[in-house]
Amino acid sequence: MSRIGKNPIAIPSGVEVKIDGNTVKVKWPKWELEYTYPKGVNVVVEDNQVKVTVESDDYKNFWWLVRTLIANMIEGVTKGFKKELLVVWVGYNAKLQWDTLVLSLGFSHPVEYKIPKGITITVDKAPKAQAKIIVEGIDKQKVWEIAAKIRAFKKPEPYKGKGIRYADEVIKLKQGKTAGK
């Protein structure tokens, strides 16, 4: 059985958790998130905690998943999530134009990415890179998905390390064919 699923989730003060059928709504004064969990999983709010249980062993695979998603919702509305990306190489750059992220990545044209609702993107200067892109939002899945889409425009290559990478990512560089001589 899942050890993660057994742990109750503490609800911080100011956060309101409502269960309506198979839907969990987490509300903070500014934000609200909603998740519909699968049948066979029971979610109960009692004593300022959220507890997740399953009806039978057939549904125990969903136990830890539902518990983790609800915990991420509570953390998202209170603290939010942030993912940082670095644009590395000479001539590569990133800038914001209204609601669009414009990336210069060595192509013949700039790459434009329209920022979806609920996500905030900021661009700063970074000490060891051309630009630092910060993706922020309350939905963890959405933040990480958008960061992955931005990184996919120009993944870091293994010989010089140029491209877009996560700030905490380590690129192990290859030597190249002239290094052996």
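Leaving aside neighbours within four places in sequence, Val54 is in contact with Gly40, Val41, Tyr59, Lys60 and Trp63. This residue belongs to strand 6, which spans residues 49-54, and in this predicted model the C-alpha atoms of Val54 and Asn42 lie 5.8 Å apart, although 12 residues separate the two in sequence.

Trp98 is found in the loop between strand 8 (93-97) and strand 9, and its relative accessible area of 87% makes it exposed.

Thr23 is part of strand 3, which covers residues 23-27. Its relative accessibility of 14% falls under the 20% limit, and Thr23 therefore counts as buried. The side chain of Thr23 makes a polar contact, at 3.5 Å, with the side chain of Thr36. When residues up to four places away in sequence are not counted, Thr23 touches Lys18, Glu34, Tyr35, Thr36 and Tyr37.

| Residue | Relative accessibility | Class |
|---|---|---|
| Thr23 | 14% | buried |
| Trp98 | 87% | exposed |
| Ile121 | 6% | buried |

Four strands form an open sheet in the order 11-12-7-13, and their pairing is antiparallel. At its edges are strand 11 (119-126) and strand 13 (163-166), each of which pairs on one side only. On average, and with direction ignored, neighbouring strands of this sheet are turned by 25° against each other. Strand 7 (residues 81-88) and strand 13 run antiparallel and are joined by 4 bridges; within this pairing, Leu85 has Tyr166 of strand 13 as its bridge partner.

Helix 3 (residues 140-152) packs on the sheet, where it touches strand 7, strand 11, strand 12 (129-137) and strand 13, and the direction of the helix makes about 5° with that of strand 7. The helix has 13 residues, and the distance from its first C-alpha to its last is 18 Å, close to the 18 Å expected at 1.5 Å a residue. Its buried residues are Val143, Ile146, Ala147, Ile150 and Arg151. These residues cover an arc of only 140° around the axis, so they lie on the same side of helix 3. What covers them includes strand 7, strand 9 (100-104), strand 10 (111-114), strand 11, strand 12 and strand 13.

Ile121 links several of these elements. This residue is found in strand 11 and counts as buried because its relative accessibility is 6%. Not counting residues up to four places away in sequence, Ile121 touches Leu96, Leu101, Ile115, Ile133, Ile134, Val135, Ile146 and Ile150; Ile146 and Ile150 are among the buried residues of helix 3. From Ile121 to Thr36, by contrast, the C-alpha atoms are 28 Å apart in space, and the two residues are 85 residues apart in sequence.

Conventions. Residues are numbered from 1 along each chain as its sequence is written. This is a predicted model: local features need pLDDT of at least 70, side-chain atom pairs count only at pLDDT 80 or more; totals for chains, interfaces and linings use all residues. Side-chain values use heavy atoms; hydrogens and water are left out. Helices (H or I, at least four residues) and strands (E, at least two) are DSSP runs, numbered from the N terminus. Buried means under 20% relative accessible area, exposed over 50%, partly exposed in between (1.4 Å probe, protein chains only). A polar contact is a pair of N or O atoms within 3.5 Å; within protein, one must be able to donate a hydrogen and the other to accept it, and residues adjacent in sequence count only if both atoms are side-chain atoms. Contact means heavy atoms within 4.5 Å. Two strands pair if DSSP finds at least two bridges between them. Axes are lines fitted to C-alpha atoms, for helices over the stretch in contact, and angles run from 0 to 180 degrees between N-to-C directions. The expected span of a helix is 1.5 Å times one less than its number of residues. The arc is that of the directions from the helix axis to the C-beta atoms.
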